[in-house]
Amino acid sequence: MGTDRVRSLIPNGRMIVETREKHLYYRPSPDGTRIVLGGRAALHPIPLDEAAERLMKELRAIFPALASTRVSHV
């Protein structure tokens, strides 16, 4: 994504915890070039591609500017 884009989305560079229904957390990667997102995609085991899709849906709801961004790791 690059440091400029990450800084524009998370200007203070801190970890953010979403405590509503989903209990997500996200932060810039240590090098500041990506966003690291964590959370629980389901309460039971699901395929990794489905988990990625669910978590990206949540991230895009938080950051609509990431609509075309791909997941690199799940």
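User: Why is tyrosine 25 called partly exposed?

Analyst: The relative accessible area of tyrosine 25 is 39%. Buried means under 20%, exposed means over 50%, and partly exposed is what lies in between (1.4 Å probe, protein chains only). Tyrosine 25 therefore counts as partly exposed. One note on the source: this is a predicted model, where local features need pLDDT of at least 70 and side-chain atom pairs count only at pLDDT 80 or more, while totals for chains, interfaces and linings use all residues. Residues are numbered from 1 along each chain as its sequence is written, and side-chain values use heavy atoms, with hydrogens and water left out.

User: Where is tyrosine 25 found, and what does tyrosine 25 touch?

Analyst: Tyrosine 25 is in strand S2; strands (E, at least two residues) and helices (H or I, at least four) are DSSP runs, numbered from the N terminus. Not counting residues up to four places away in sequence, tyrosine 25 touches Met15, Ile16, Val17, Val36, Leu37, Gly38 and Gly39. Contact here means heavy atoms within 4.5 Å.

User: What makes threonine 69 count as buried?

Analyst: Threonine 69 has 14% relative accessibility, so it counts as buried. Its place is in the segment after H2. Leaving aside neighbours within four places in sequence, threonine 69 is in contact with Met1, Arg5, Met56 and Arg60.

User: How do you know what span to expect for helix H2?

Analyst: The expected span is 1.5 Å times one less than the number of residues. Helix H2 (residues 48–62) has 15 residues, and its first and last C-alpha are 21 Å apart, close to the 21 Å expected.

User: Which residues of H2 are buried, and why are they said to be on the same side?

Analyst: They are Ala51, Ala52, Leu55, Met56 and Leu59. These residues cover an arc of only 125° around the axis, which puts them on the same side of H2; the arc is that of the directions from the helix axis to the C-beta atoms. The buried residues of H2 pack against strand S2 (24–28) and strand S3 (35–38). On the other side of H2, Glu53, Lys57 and Ala61 are exposed.

User: What does the radius of gyration say about the chain?

Analyst: The radius is taken over C-alpha atoms, and the globule rule is 2.2 Å times the number of residues to the power 0.38. For 74 residues, a compact globule would come near 11 Å; the chain has 12 Å, which agrees.
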